[in-house]
Amino acid sequence: MRALKSEWLKLVSVRTTWTLLAATVLIEGLGATLSAALGDVEDLRKGDVSAFIIGLRLQTVLMFTLGALLSTNEFRHGTANSTFVVTPKRERVILAKLVVGFAVGVAGALLYIAFHAGLSLSILASRDVAVDSDLVVNGYVGVGVGLVLGCLFGVALGAVLRNQVLTIVVGLVLFTLAGTVSLFIGTDVGQFFPGEALLALQNDPRVEDLLSQTVGGLVLAGYCLVLAVAGMVLTRQREIA
Amino acid sequence: MAEITVERLTKRYGETLAVDDLSFTVQAGRVTGFLGPNGAGKSTTLRALLGLVRPTSGRALVMGRPFAELKDPVRAVGAALDAHDVHPGRSGRGHLRTIAAAAGLPNSRVDEVLDMVELTPARDRRVKGYSMGMRQRLALAAALLGDPRILMLDEPANGLDPQGMRWLRDILVHLAGEGRAVLISSHVLSEVEQTVDSVVVIGAGRLVMQGTLADLVKGDRRPALVRSPRADELRDLLEAAGASVRTDGRADSMHVHHASLEDIGTLAAAHGIPIFELTHEVATLEDRFLKLTGERGNVR
């Protein structure tokens, strides 16, 4: 519990957290709101609501970055020294970071859904644009779970790589190149990449040859689990120099 | 039992030998200076004591056991390794609260240590606006959070102004006076010579000497400094008596080796030569420190 409280305080005591959280919720949310309010009604009626909910996929990248900072700030700013002197059982620290990452991921997902759905869906309704409720639920569940897993992925990858820039670059490559990997290495392997798994989880209608939503979520969760275990083992074994 | 025991500690990073068969102890109730040039292995030794790096061989023990085996590490050891080890966007108080939470300490303790290091007025400011001296105080506050028996501070005087140095000296002496073992590293002896009771000097990862400050200058024979208005005449007499004389460009003074003060005075008196000054040159701690560590160098 001590490590958990400490990690929570680390998260909430810096402005970057609030900035990233706000950006996660607002950028896509405002984009969707503007589209709903200003878009041509006929186009909106013909469009797929899943793509409308997913938007530009920036929300997951931003949440991944927040998770990555949770881990890599320790090494970027040298606080790993005091952290691991106070808590010599280092795997507890990583576990606490994962729990905090999960919590902030859930909070971010709920805020995202509340803001996005609250504004844009009510505007669509006021403009007599009917949406398929099953697709709406699927879309928000996919994006919400994606935000939680994206944050956990960032925490776990950061624990493995430690270097802040490297972690964020790797994450950006994985998530922004999502949907193109299969073009280069084939669908059989490509669909299991983290970015592709995220698209499957989000049920993105703009990309073909993806896993099912459930399997996509499980694959992404599998990556988080493997990286989390690796992060704990490596953090225990490596030196803090 | 010594509070800190380093026993034949060796730490190698690839081809680089950072610490080489180093042994020393640190006792309670004393401020011990851990001295050596940059790159001598001081920080690596402290990190080994704190369990942050693993010894290649040998042992680094705190209260008789490896750091990782301490039941309550925060109350056993307070450490400040680098004043920059803090998130610049966090306030000083926020930084300490993260550590206090991990240690299971109440927030009231955070305010107590902030008061001890005289940072209360700046406690809610973000650390990126702190001066180096304020960061050093914050690092010391973090080390003091658990009211530890042992303090390990890596270059705590770095960047402090004279007022800050005096403050640091007073607080460290006070803390040692309470029975704590205080180990402070420095590569500048003058920073700590008025603070420490004993010293551990290392060079190139190896122990050069351990003892008191007096031990540090003991055995370093210095020449006599002689000033006389008839220095040339006295020099000839001293050289004829077997002494070796070196001048320093000034007409009335010389540095005399291989002759006691009594011999020089007696010789001058016998020839009616007035003496304005006759003394042993003071061996500064800095001179001795450089001589000791310079012999080993610091590049391996």
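This is a predicted model: local features need pLDDT of at least 70, side-chain atom pairs count only at pLDDT 80 or more; totals for chains, interfaces and linings use all residues.
1. Chain A as a whole. Chain A holds 13 helices and 0 strands, and its pattern along the sequence is α-α-α-α-α-α-α-α-α-α-α-α-α. The C-alpha trace of chain A spans about 60 × 40 × 25 Å along its principal axes.

2. Burial and contacts in chain A. Of the 241 residues in chain A, 50% count as buried. Taking contacts in chain A between residues at least 6 apart in sequence, 77% link residues that are at least 24 apart.

3. The contact between the chains. Chain B contributes 29 residues to the contact and chain A contributes 25 residues. On the side of chain B that touches chain A, helix 2 and helix 3 of chain B are the elements that give two or more residues. Helix 3 of chain B supplies the largest share of that side, 7 residues. Sorted by class, the side of chain B that touches chain A has 16 nonpolar, 7 polar and 6 charged residues.

4. Helix 3 of chain B, geometry. This helix covers residues 92-103. At 1.5 Å a residue its 12 residues should span 16 Å, and the end C-alpha atoms are 17 Å apart, which agrees. The residue that follows helix 3 of chain B is Gly104(B), with a positive phi near 75°.

5. Helix 3 of chain B, surroundings. The helix is mostly covered, with 12 of its 12 residues buried. Among them are Arg93(B), His95(B) and Arg97(B), along with Leu96(B) and Ile99(B). The buried residues pack against elements of both chains: helix 1 (2-12) and helix 6 (80-86) of chain A, and helix 2 (73-76), helix 4 (107-116) and helix 5 (132-144) of chain B.

6. Strand 5 of chain B. Which residues cover the two faces of strand 5 (residues 77-80) of chain B? Val77(B) and Ala79(B) lie on one side, Gly78(B) and Ala80(B) on the other, and all are buried. In a regular strand, side chains alternate between the two faces of the sheet. Strand 5 of chain B pairs with strand 6 (residues 150-154) of chain B in the parallel sense, over 4 bridges. Within this pairing, Ala79(B) is opposite Met152(B) of strand 6 of chain B.

7. The antiparallel sheet of chain B. An open sheet of 4 strands in chain B has the order 11-12-10-13, with antiparallel pairing. Strand 11 (244-247) and strand 13 (277-280) of chain B are at the edges with a single partner strand each, so one side of each has no neighbour in the sheet. On average, neighbouring strands of this sheet are turned by 25° against each other, direction ignored. Strand 11 of chain B is joined to strand 12 (residues 253-257) of chain B by 4 bridges, and Ser244(B) has His257(B) in strand 12 as its bridge partner.

8. Helices on that sheet. Helix 9 (residues 231-240) of chain B packs on the sheet and touches strand 10 (224-227), strand 11 and strand 12 of chain B. The direction of helix 9 makes about 10° with that of strand 12 of chain B. Helix 10 (residues 261-270) of chain B lies across strand 10, strand 12 and strand 13 of chain B, and helix 10 runs at about 165° to strand 13 of chain B.

How values were computed. Residues are numbered from 1 along each chain as its sequence is written. Chains are lettered from A and ligands numbered from 1 in the order in which they are written. The expected span of a helix is 1.5 Å times one less than its number of residues. A residue is buried if 20 or more other C-beta atoms lie within 10 Å of its own, exposed if 12 or fewer, and partly exposed in between; C-beta atoms are placed from the backbone. Two residues are in contact if their C-beta atoms, placed from the backbone, lie within 7 Å. Ala, Val, Leu, Ile, Met, Phe, Trp, Tyr, Cys and Pro count as nonpolar, Asp, Glu, Lys and Arg as charged, and the others, Gly among them, as polar. Two strands pair if DSSP finds at least two bridges between them. Axes are lines fitted to C-alpha atoms, for helices over the stretch in contact, and angles run from 0 to 180 degrees between N-to-C directions.
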